[in-house]
Amino acid sequence: MENKKDIKINHIALISSHVKEGSAYFVCVDEPNVSKILKQATKNKAAVIFIPEKAFKSSGLSINKYPVIFTDNWLKRLGMLYSSIRHSYKATTVAITGTVGKTTTKEFMSTIIGSEQKLFCNNGNRNSCIL
């Protein structure tokens with residue numbers, strides 16, 4: 001892939017089936033079919049694929065054909081990307097923590113706040129350390 005200074009990202013994907021044109025795709029775990037998911041992500045026109053170098057090398061694919069950035073800490077890179085996006089907007093961030101009731105509280109708050117203001121809220125229940 002040719003080197004590009006600016007990469008336009010309009011979507012973030014953590015699952016290969018969610019990759020679409022303009023996605024930043026994060027290969028989060030040791031995928032058993034790395035070559036298959038890289039080919040599919042490229043076919044779906046991912047803007048960039050963050051992947052551990054070891055995983056890419058094990059695929060046997062040529063680096064020149066794929067828009068990859070090697071990272072051994074995908075969670076840190078994803079956090080940096082989210083932080084950059086979040087700081088580009090003037091918005092209040094609300095985080096809900098606890099053992100039980102987070103999704104219900106989120107849905108309740110989004111219904112109330114969303115009726116008065118623009119709102120972004122994750123859909124469903126992600127139960128993840130990153131979303």
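Modeller: The helices (H or I, at least four residues) and strands (E, at least two) named below are DSSP runs, numbered from the N terminus. The model is a predicted one, in which local features need a pLDDT of at least 70 and side-chain atom pairs count only at pLDDT 80 or more, whereas totals for chains, interfaces and linings use all residues. Residues are numbered from 1 along each chain as its sequence is written, and side-chain values use heavy atoms, with hydrogens and water left out.

H1 lies across the strands E2, E3 and E4, and its direction makes about 160 degrees with that of E3. For such angles, axes are lines fitted to C-alpha atoms (for helices, over the stretch in contact), and the range is 0 to 180 degrees between N-to-C directions. Another helix, H3 (residues 74-87), also packs on the sheet; H3 touches E1, E2 and E3 and runs at about 150 degrees to E2.

The sheet itself is open, with its four strands in the order E1-E2-E3-E4 and with parallel pairing. Its edge strands, E1 (11-13) and E4, each pair on one side only. On average, neighbouring strands are turned by 20 degrees against each other, direction ignored. Two strands are said to pair if DSSP finds at least two bridges between them; E3 and E4 have three, in the parallel sense. Within this pairing, Ile49 has Val68 in E4 as its bridge partner.

Which residues of H1 are buried? They are Val34, Ile37, Leu38 and Ala41. Viewed down the axis of H1, these buried residues fall within an arc of 100 degrees, so they line one face of the helix. (Buried means under 20% relative accessible area, exposed over 50%, and partly exposed in between, with a 1.4 Å probe and protein chains only; the arc is that of the directions from the helix axis to the C-beta atoms.) The face turned away from the buried side carries Lys36 and Lys43, which are exposed. The buried residues pack against E2 (23-26), E3, H2 and E4 (68-70). Just after H1, Lys45 takes a positive phi of about 65 degrees.

Leu38 belongs to H1 and is buried, its relative accessible area being 0%. Neighbours within four places in sequence aside, Leu38 is in contact (heavy atoms within 4.5 Å) with Ile49, Ile51, Phe56, Ser59, Leu61, Tyr66 and Val68. Between Leu38 and Ile49, eleven residues apart along the chain, the C-alpha separation is 8.0 Å.

With its neighbours within four places left aside, Ser59 is in contact with Val34, Ser35 and Leu38.

A nonpolar core is a set of buried Ala, Val, Leu, Ile, Met, Phe, Trp, Tyr and Cys residues joined through side-chain atoms within 4.5 Å. The largest such core has 16 residues, and Tyr25, Leu38, Ile49, Ile51, Phe56 and Val68 touch the most other members. H1 gives the most, with four residues. Apart from this core lies another, of eight residues, including Phe26, Cys28, Val48 and Phe50.
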